[in-house]
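Please walk me through this structure, with the criteria behind each term spelled out along the way.

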Amino acid sequence: RMFHDDELEESEKFYVGQPRVLLLIYALYNTLVARSEMVCYFVIILNHMISASMITLVLPILIFLWAMLSVPRPSKRFWMTAIVYTEVAIVIKYFFQFGFFPWNKHVDYTKDKPYHPPNIIGIEKKEGYVHYDLVQLLALFFHRSILKCHGLWDEDEKGDSPSNKEDTDDELSLTGGRRDSSASLKSVNLAASVESIHVHFPEQQTAIRRKSSSSISQLSHRSSFSSHRSKRGKLCVIKSHCVLCCFRTLQVYVPIRQFFYNLIHPDYSAVTDVYVLMFLADTVDFIIIVFGFWAFGKHSAAADITSSLSEDQVPEAFLVMVLIQFGTMVVDRALYLKKTVMGKVIFQVILVFGIHFWMFFILPGVTERKFSQNTVAQLWYFVKCVYFGLSAYQIRCGYPTRVLGNFLTKSYNYVNLFLFQGFRLVPFLTELRAVMDWVWTDTTLSLSSWICVEDIYAHIFILKCWRESEKRYPQPRGQKKKKVVKYGMGGMIIVLLICIVWFPLLFMSLIKSVAGITNKPLDVSITITLGGYQPIFTMSAQQNQLKTLDPNEFNEFLRSYRGNTAALQFLEGYSREDITRADLEGNSNSLWTISPPSRNKMIQGLLNFDADFTLVISWTIQRILEEMYPYYIKAPSDSLAKPIKQLLRDCKWENITVSLVKNTSEEWWVLNQLGKRNKTSQDSLELFIFSDKVSPPSLGFLAGYGIMGLYASVVLVIGKFVREFFSGISHSIMFEELPNVDRILKLCTDIFLVRETGELELEEDLYAKLIFLYRSPETMIKWTREKT
């Protein structure tokens with residue numbers, strides 16, 4: 001060994017011998033130290049998510065547009081800005097906690113108002129107003145100590161001393177000379193002119209005496225000449241103020257411009273590709289919007305998106321959020337394919353300002369609640385912050401020079417195979433990606449040719465994955481397939497096909513018997529109308545008048561139908577909780593108000609025994625109304641209630657009596673049911689309601705289709721895909737049974753490569769070669785032979 005130290009070896013042995021829990025704590029601490037800047041970012045974003053005020057808004061924007069874009073790391077100026085700003089914010093919040101401020105006298109009334117000015121600014125009085133700010137300040141000082149320990153705190157200011165300014169100017173000039181861009185020279189000259197302003201302007205008398213060819217020196221000479229003419233003239237004061245304002249503006253503008261220019265045109269860059277992670281972050285945000293869209297609207301009591309879509313209603317908040325999220329994903333894909341860092345920087349700036357303005361100033365007004373009280377919006381914003389961090393990292397490192405194929409096709413294993421096939425099964429995703437890639441990629445191929453290459457590449461990739469799996473798990477010649485493979489794969493397919501075929505019947509049977517919910521009636525009403533005259537009887541049963549049978553009554557009810565097979569078969573589908581007995585008062589709850597002429601006509605009709613006197617419903621009535629009262633009613637999940645003929649004796653309905661009771665000046669009808677189960681002396685009606693169980697709300701969208709609807713929409717569609725897998729195989733043997741696809745895969749990769757390098761003529765030649773290969777079976781056989 002080149003270096004040996006007994007003390008270091010003893011130290012290493014000491015740490016290795018420590019308990020695992022202690023070693024885990026050491027590892028976590030070392031991770032914390034190595035990523036201390038990420039801890040600061042996380043605490044700052046968390047503080048802003050909880051406080052959601054203008055005071056805490058500044059630092060997150062500076063993180064995404066300054067700190068994360070700095071190369072190679074954030075400067076000391078940023079960390080000092082964050083520390084000082086946090087300290088000032090703590091002092092401001094503490095100062096405005098005193099009770100003599102007018103807005104602190106009604107805190108309970110204004111604490112939940114999103115547009116209350118102190119709430120927007122962040123100076124409202126509340127408990128724990130400074131806890132997260134103190135944690136943020138502690139994290140910043142912890143990171144500052146880490147930088148000082150490694151000598152990185154003052155590293156970026158070594159060349160900022162006054163004695164080294166000339167060297168710095170020379171380095172800037174040399175750097176500008178190395179670059180071929182004229183914009184770089186302009187930026188350096190502009191920076192040099194600002195430096196001359198910074199040096200010469202504060203002392204105007206010295207600037208007048210010096211000779212300079214710059215425009216600022218000429219301006220100083222003109223100002224000096226004017227001062228000689230009128231030392232106390234207003235013109236000199238106005239020009240001095242103009243120069244001062246120009247100087248202050250340039251002092252702010254030039255460093256920002258130079259920062260972004262150096263970011264877009266770096267001297268060197270370690271290109272990377274985090275587009276997949278950005279796409280996943282956008283996908284997570286998309287899922288949050290779909291399942292929590294109600295959090296972005298005014299009324300949070302709205303259920304879920306499925307209930308709204310089932311009523312053919314598209315919520316405005318859901319539509320706007322989905323379109324914006326999808327639009328940003330499309331723009332991000334276009335920037336990735338064009339590899340334009342400038343466009344990505346502009347897009348990053350627009351998104352950072354736009355999303356922060358919308359989330360913390362517009363959304364609270366739309367939802368009528370503070371951002372800190374909207375958990376779904378907080379989760380969406382946190383994932384978007386992850387996206388901002390990945391975007392900043394992509395900008396800082398630069399886009400990859402070549403984008404070859406799909407990110408799922410980088411390895412040839414089962415995981416990539418199934419993920420890639422799942423990606424291709426998503427409706428319109430493959431087509432949309434292919435068209436977008438064709439639009440934003442320089443190519444000489446037409447759209448149809450482009451899609452042809454993509455389809456060939458996808459097919460060859462799938463074959464390559466299967467061939468690699470055959471190499472990893474070889475099957476010896478002359479041996480039958482193992483039972484594990486046969487019963488594992490074949491048995492699973494058999495069970496799957498059987499489940500698909502019988503899915504609607506099983507689903508509709510189990511959804512109500514196992515997961516069904518009892519749907520008891522809340523109101524039972526009876527209305528009887530003779531002919532077309534005024535209703536003679538109206539009565540409702542509610543609350544205490546709707547009773548569930550006790551166990552003894554239910555058993556007695558079942559015993560009464562012991563010999564009736566049809567009735568017992570019907571009763572098997574109902575439990576005791578599904579049956580409701582309604583006790584309706586026999587006296588009508590409304591007076592009979594009928595005109596005398598109509599009354600006389602109705603009496604004449606009732607006295608005519610040769611003619612039928614009908615009700616609004618279809619059964620026939622007489623004075624004594626025979627076989628017209630249903631007694632047992634089935635209440636299905638829909639609104640149509642039907643009598644249960646299986647439970648009626650001899651399939652005959654019950655008899656009721658109708659009588660008219662007169663008072664001195666009023667009259668009403670009294671109805672009584674003959675043959676009630678509960679023998680009561682008073683005039684009354686008794687009704688049994690059998691309520692069908694209904695599906696849970698979460699599965700209502702499937703149960704609503706019914707058995708035939710499920711067969712038509714699910715089974716037949718899936719059967720079509722299964723049939724395509726089992727039929728037509730003979731027509732694709734020459735393209736499926738390829739022993740070795742490496743040469744074809746390399747040809748497709750070569751097409752992608754020459755396209756990225758701009759060799760469009762070569763791309764066209766390779767595409768023609770690929771098409772010829774698929775047109776010539778003999779050539780395909782030669783190209784796909786196993787390597788010897």
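**Helix packing and a buried threonine**

Helix α14 (residues 275-291) and helix α18 (residues 375-397) have axes that come within 9 Å and cross at roughly 165 degrees, where axes are lines fitted to C-alpha atoms, for helices over the stretch in contact, and angles run from 0 to 180 degrees between N-to-C directions. That makes α14 roughly antiparallel to α18, since angles under 35 degrees count as roughly parallel, over 145 as roughly antiparallel, 65 to 115 as roughly perpendicular and the rest as oblique. The crossing of α14 with α18 is left-handed, meaning that the near helix is turned anticlockwise from the far one by less than a right angle (clockwise would be right-handed). On the α14 side the contact (heavy atoms within 4.5 Å) involves residues including Leu277, Met278, Ala281 and Ile288, and on the α18 side residues including Leu379, Trp380, Val383 and Tyr387. By class, this contact holds 13 nonpolar, two polar and three charged residues, with Ala, Val, Leu, Ile, Met, Phe, Trp, Tyr, Cys and Pro counted as nonpolar, Asp, Glu, Lys and Arg as charged, and the others, Gly among them, as polar.

The model is predicted, so local features need pLDDT of at least 70 and side-chain atom pairs count only at pLDDT 80 or more, whereas totals for chains, interfaces and linings use all residues. Residues are numbered from 1 along each chain as its sequence is written, and side-chain values use heavy atoms, with hydrogens and water left out.

In the loop between α18 and α19 (414-425) lies Thr409, which counts as buried because its relative accessibility is 4% (buried means under 20% relative accessible area, exposed over 50%, partly exposed in between, with a 1.4 Å probe and protein chains only). The side chain of Thr409 reaches the backbone oxygen of Asn406 at 2.6 Å, and makes a polar contact with the side chain of Tyr457 at 3.0 Å (a pair of N or O atoms within 3.5 Å; within protein, one must be able to donate a hydrogen and the other to accept it, and residues adjacent in sequence count only if both atoms are side-chain atoms). Leaving aside neighbours within four places in sequence, Thr409 is in contact with Asn416, Phe420, Tyr457 and Phe461.

Definitions and conventions:
Helices (H or I, at least four residues) and strands (E, at least two) are DSSP runs, numbered from the N terminus.
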